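Dear colleague,

I am handing over the structure below, and after it you will find what came out of going through it. Please read the notes with the structure open beside them.

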Amino acid sequence: MSSSLPPPPPPPPPASYERGYYSVPAAPPAELIVFLLAWVVALIVTVAADSVGWPQFLTVTSFLAAAFIISRGIAKAGKVFERR
């Protein structure tokens with residue numbers, strides 16, 4: 001009985017500069033862009049207006065951060081339901 005061995009697997013492709021080891025980073029979520037824009041607007045209003053102070057700016061920042069976290073949670077929950 002003669003048994004033959006299977007051929008060896010082909011060698012891996014050589015590394016080149018055309019194909020990197022890391023993928024391109026994903027774009028930031030739209031909620032983050034909206035959060036940053038709203039935060040910058042609140043900062044400009046706080047600096048420009050005499051009637052709005054830093055405590056109000058911190059309150060607005062807290063509400064914006066909470067809304068951002070909730071919106072990301074809703075977005076991730078929506079993706080979970082899409083997979084079912």
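**What was found**

The protein has two helices and zero strands, where helices (H or I, at least four residues) and strands (E, at least two) are DSSP runs numbered from the N terminus. This is a predicted model, in which local features need pLDDT of at least 70 and side-chain atom pairs count only at pLDDT 80 or more, while totals for chains, interfaces and linings use all residues. Residues are numbered from 1 along each chain as its sequence is written, and side-chain values use heavy atoms, with hydrogens and water left out.

Of the 84 residues in the protein, 7% are buried, where buried means under 20% relative accessible area, exposed over 50% and partly exposed in between (1.4 Å probe, protein chains only). The protein exposes about 7800 Å², of which carbon and sulfur atoms supply 71%; accessible areas come from the Shrake-Rupley method with a 1.4 Å probe, and for residues only the protein chains shown count as cover.

Helix H1 has 19 residues and reaches 27 Å from its first C-alpha to its last, close to the 27 Å expected at 1.5 Å a residue, the expected span being 1.5 Å times one less than the number of residues. Its buried residues are Phe35, Ala42 and Thr46. They cover an arc of only 40° around the axis, which puts them on the same side of H1; the arc is that of the directions from the helix axis to the C-beta atoms. The face of H1 turned away from this buried side carries the exposed residues Ala30, Val34, Leu37, Ile44, Val47 and Ala48.

Thr46, which is found in H1, counts as buried at 6% relative accessibility. A polar atom of its side chain lies 2.7 Å from the backbone oxygen of Ala42. Leaving aside residues up to four places away in sequence, Thr46 touches Val52, Gly53, Trp54 and Phe57, where contact means heavy atoms within 4.5 Å.

A search of the whole structure finds three aromatic pairs, a pair being rings of Phe, Tyr and Trp (its six-membered ring) whose centres lie within 6.5 Å, with planes under 30 degrees apart counted as stacked, over 60 as edge-to-face and the rest as tilted. One of them is the tilted pair of Trp39 and Phe57, at 5.5 Å centre to centre and 55° between the planes. Because Trp39 lies in helix H1 (residues 30–48) and Phe57 in helix H2 (residues 54–83), this pair ties together parts that are 18 residues apart in sequence. Trp39 counts as partly exposed at 30% relative accessibility, whereas Phe57 is buried, with a relative accessible area of 6%. Ring pairs link Trp39, Trp54 and Phe57 into a cluster.

Elsewhere between the helices, Leu64, which lies in H2, touches Phe35, Ala38 and Trp39, again not counting residues up to four places away in sequence. The C-alpha atoms of Leu64 and Phe35 are separated by 6.5 Å, although the two residues are 29 residues apart along the chain. Ala38, found in H1, counts as partly exposed at 28% relative accessibility; Ala38 and Val60 are 22 residues apart in sequence and 9.4 Å apart in space, C-alpha to C-alpha.

Technical notes: Polar contact = N/O pair within 3.5 Å; in protein donor to acceptor, adjacent residues only side chain to side chain.
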